[in-house]
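Take a look at the model first, then read on.

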Amino acid sequence: MQIMKLLKLTPLLGFAALFLTVAPAHARLRVFSCEPEWAALAKEIGGEFIDVHSATSAHQDVHYIQARPSLISRLRRADLLICSGADLEIGWLPLLLRKASNARVQPGQPGHIDVSKVVPMLGIPSSVDRSAGDVHPYGNPHTQTDPHNIARVAEEISRRLIQLDSGHAADYRHRASDFAIRWKKAIAGWEKRSASLRGVKIITHHLAWVYMTHWLGLEVVEHLEEKPGIPPTAGHLTRLLNRLEDQDIEFIVRATYQSARPSKWLSERAGIPNLVIPHTVGATDGAKDLFSMFDDMLDRLLGARTP
Ligand SMILES: [Zn+2]
């Protein structure tokens, strides 16, 4: 009788055993990225060997995110965290890390990449005065708009993936060197294409573009936010408008997640085009991956120039 029962159960047990061997406690490395650009980059290097999730989308202001329970449970299961750092996520990441209590992704662990420690930082203030607005004492955290920084972070991601998942070391090495070759070629193309942008004067909404403007040689003359992180006020915009005459400013730049109203207000009165530039993957229809993000960035900047 017992044997009969066991025989009846065998196909089921067999099926269960098969399932267990096919899906061993999740073999793919889990990557938790704070921003879409690092998720896209991790995917370039990790390919099918990793699962990547971005905590934020291109249409959210990453300075202000809710530490939702779904993010906590994702971080609890993560093997590698990649975030911009330099206090960009100060309002939510420390809380997520505490609540997730996942030792693998704590600062200083192989499973924790702080991008601000990997790339040369711009905009480190000489003194930190919180009354000056949302100042970033460790430098400007919006590092992803210079493709040379993307290359640096790609190398770091590759190193960490190899460290955390040595079984696929050869795959990660291969993918990273393939990406590096394609990326280097793309940078050369972008730099050639954008040569005419050197010295062009622009206004930006938030000081989120210092790496792009540094890379392209654009000159940021003013910001719509009088103090970083504090929404543009009517008084500041009016003062800006009065200062704009004879300044030869070519365009006003903002990210998708920022309100269009201040840009449009100034644009209409000063007769300067206002542009949305992709600051990350998914920010515009054209920015489908990191390559097309920079293509689209240059299309928009070059397309807005008065011939
Ligand atoms: Zn910022």
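A disulfide joins cysteine 34 to cysteine 83, with an S to S distance of 2.0 Å; the term stands for a pair of cysteine sulfur atoms within 2.5 Å. This is a predicted model, in which local features need pLDDT of at least 70 and side-chain atom pairs count only at pLDDT 80 or more, while totals for chains, interfaces and linings use all residues. Residues are numbered from 1 along each chain as its sequence is written, and side-chain values use heavy atoms, with hydrogens and water left out.

**The disulfide**

- The structure holds one disulfide.
- The bond links distant parts of the chain: cysteine 34 sits in the loop between β1 and α2, cysteine 83 in strand β3, 49 residues apart. Helices (H or I, at least four residues) and strands (E, at least two) are DSSP runs, numbered from the N terminus.
- The torsion about the S-S bond of cysteine 34 and cysteine 83 is about 60°, so the disulfide is right-handed.
- Cysteine 34 and cysteine 83 are both buried. Buried means under 20% relative accessible area, exposed over 50%, and partly exposed in between, with a 1.4 Å probe and protein chains only.

**The sheet**

- Four strands form an open sheet in the order β2-β1-β3-β4, with parallel pairing. Two strands pair if DSSP finds at least two bridges between them.
- β2 and β4 (112–114) stand at the edges with a single partner strand each, so one side of each has no neighbour in the sheet.
- On average, neighbouring strands of this sheet are turned by 15° against each other, direction ignored. Axes are lines fitted to C-alpha atoms, for helices over the stretch in contact, and angles run from 0 to 180 degrees between N-to-C directions.
- Strand β3 (residues 80–83) runs parallel to β4, and three bridges join them.
- Cysteine 83 has aspartate 114 in β4 as its bridge partner.
- Helix α2 (residues 36–46) lies across β1 (29–33), β2 and β3, at about 170° to β2. Contact means heavy atoms within 4.5 Å.

**The zinc site**

- The protein donors of the zinc ion are His63 (NE2), His142 (NE2) and His206 (NE2), lying 2.2 to 2.3 Å from it. Donors are N, O and S atoms within 2.8 Å of the metal (3.2 Å for Na, K and Ca); water is not among the atoms, so sites may look incomplete.
- In sequence, the donor residues are spaced H-x78-H-x63-H.
- Histidine 63 lies in the loop between β2 (50–54) and α3 (69–77), and histidine 206 in the loop between β5 (201–204) and α7 (210–216), 143 residues apart.
- Histidine 63 is buried, at 8% relative accessible area. Histidine 206 is buried too, at 2%.
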